[in-house]
Amino acid sequence: MNPAAEPIILLGPPGAGKGTQARRLEEQYGMTQLSTGDVLRAAVKAGTALGREAKTYMDAGKLVPDDLIIRLIEEWMQKPEAKKGFILDGFPRTVPQAQALDAMLQKRDLKLKAVVEMKVDDAALVERVSGRFTCTKCGEGYHDSFKPLEKAGECNKCHGHEFIRRPDDNAETMTTRLQAYHAQTAPIIPYYRNQGILLQVDGMGEMDAVHAEIKKVLNLI
Ligand code: AP5
């Protein structure tokens, strides 16, 4: 077993702040963030077969089929990044995905360090995704009210000037995404609780407070 490479899962409903917190952990601790949503959006943009297949589901707010996602993770696991600590953001999202991940990790003599569940009320989630936008150059995430740009039209981080809003970040699609979370993803909470690796944090606080709580439950300094 290689404890330095123990992966972490950030689990939570759409807009809970998984991406925000994964990027902070990545910057601070040198772990690699793997967001299945980001990989799928890149595939859609590139117009690959994967992207074309995934787009219909994503636009509707539905989960992309398990076999496609599991294949995507299998491929990523071959990369050198997978040998050091990594943070999974948006995967697994169903019990079959969680079982497939267990098998993949076991094959590589890896073990999950923890699954951190970020708890946020549904009403706050809608507000969070409705105000979200991202820098197209560096991927830094923002929010109209909760994390605005310091200088109008310019990314705080890379000084880029182009931003994008996600097509699925609207109230209607959000209803479907939340239904998918409660029906298909929530069942993985008891799955990990039974393994004794589930940790919970209050995701309703400000970004810095949530970050501090995640570090605390993970025993990170
Ligand atoms: P994905 O991209 O994974 O979207 P998601 O789970 O819906 O999560 P989000 O990215 O919307 O939110 P987040 O929790 O990362 O929040 P963020 O940090 O950005 O998936 C998209 C689609 O791809 C799915 O619907 C599905 O179709 C498909 N897919 C992906 N993975 C799949 C899988 N494994 N299986 C099947 N299908 C899959 O924060 C949100 C906003 O709030 C930001 O503006 C941020 O600035 C702000 N914010 C963050 N934290 C706080 C805070 N504490 N207080 C106030 N504002 C905050």
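## Ligand contacts

A nitrogen atom of the ligand has a polar side-chain atom of Gln 97 at 2.9 Å. The ligand is wrapped by the protein, which buries 96% of the 1000 Å² that the ligand exposes when taken alone. Areas here come from the Shrake-Rupley method with a 1.4 Å probe; for residues, only the protein chains shown count as cover. This is a predicted model, where local features need pLDDT of at least 70, side-chain atom pairs count only at pLDDT 80 or more, and totals for chains, interfaces and linings use all residues. Residues are numbered from 1 along each chain as its sequence is written, and side-chain values use heavy atoms, with hydrogens and water left out.

A polar backbone atom of Gly 15 is 2.9 Å from an oxygen atom of the ligand. Arg 128 places a polar side-chain atom 3.4 Å from a nitrogen atom of the ligand. A polar contact is a pair of N or O atoms within 3.5 Å; within protein, one must be able to donate a hydrogen and the other to accept it, and residues adjacent in sequence count only if both atoms are side-chain atoms.

## The shell around the ligand

The shell around the ligand holds 33 residues. Thr 20, Lys 62, Arg 93, Arg 132 and Arg 177 come nearest. A residue is near a molecule if one of its heavy atoms lies within 4 Å of it. By type, the shell divides into 13 nonpolar, 10 polar and 10 charged residues. Ala, Val, Leu, Ile, Met, Phe, Trp, Tyr, Cys and Pro count as nonpolar, Asp, Glu, Lys and Arg as charged, and the others, Gly among them, as polar.

Several elements contribute. At least two shell residues come from each of α1, α2 (36-46), β6 (141-143) and α9. Helix α2 gives the most, with four residues. Helices (H or I, at least four residues) and strands (E, at least two) are DSSP runs, numbered from the N terminus.

## Salt bridges

The whole structure has 13 salt bridges. Each is a side-chain nitrogen of Lys or Arg within 4 Å of a carboxyl oxygen of Asp or Glu. Side chains of opposite charge can pair when their charged atoms come close. Asp 208 and Arg 24 form one of these bridges, with their closest N and O atoms 2.8 Å apart. Asp 208 sits in helix α9 (residues 207-217) and Arg 24 in helix α1 (residues 18-29), so this pair ties together parts that are 184 residues apart in sequence. Asp 208 is exposed, at 55% relative accessible area. Arg 24 is partly exposed, at 25%. The cut-offs are under 20% for buried and over 50% for exposed, with partly exposed in between (1.4 Å probe, protein chains only).

Another bridge joins Lys 119 to Glu 117, at 3.9 Å from N to O. Lys 119 is partly exposed, with 41% relative accessible area. Glu 117 is buried, at 6%. Asp 168 and Arg 166 also meet in a salt bridge, at 3.0 Å from N to O. Asp 168 is buried, with 10% relative accessibility. Asp 168 and Arg 166 belong to a salt-bridge network that also links Arg 132, Asp 169 and Arg 177.

## Aromatic pairs

Five aromatic pairs turn up across the whole structure. Among them, Phe 133 and Phe 163 pair edge-to-face, 5.7 Å centre to centre with 80 degrees between the planes. Phe 133 lies in strand β5 (residues 132-135) and Phe 163 in strand β7 (residues 163-164), so the pair ties together parts that are 30 residues apart in sequence. Phe 133 is buried, at 9% relative accessibility. Phe 163 is partly exposed, at 26%.

Tyr 142 and Phe 163 have ring centres 6.1 Å apart and planes at 80 degrees, so this pair is edge-to-face. Tyr 142 is in strand β6 and Phe 163 in strand β7, so the pair ties together parts 21 residues apart in sequence. Tyr 142 is buried, at 3% relative accessible area. Phe 133, Tyr 142 and Phe 163 form one aromatic cluster. Rings of Phe, Tyr and Trp (its six-membered ring) pair if their centres lie within 6.5 Å; planes under 30 degrees apart count as stacked, over 60 as edge-to-face and the rest as tilted.

## His 159

His 159 sits in the loop between β6 and β7. His 159 is partly exposed, with 47% relative accessible area. Its side chain makes a polar contact of 2.8 Å with the side chain of Glu 154. His 159 and Cys 135 are 24 residues apart in sequence, and their C-alpha atoms are 9.2 Å apart in space.
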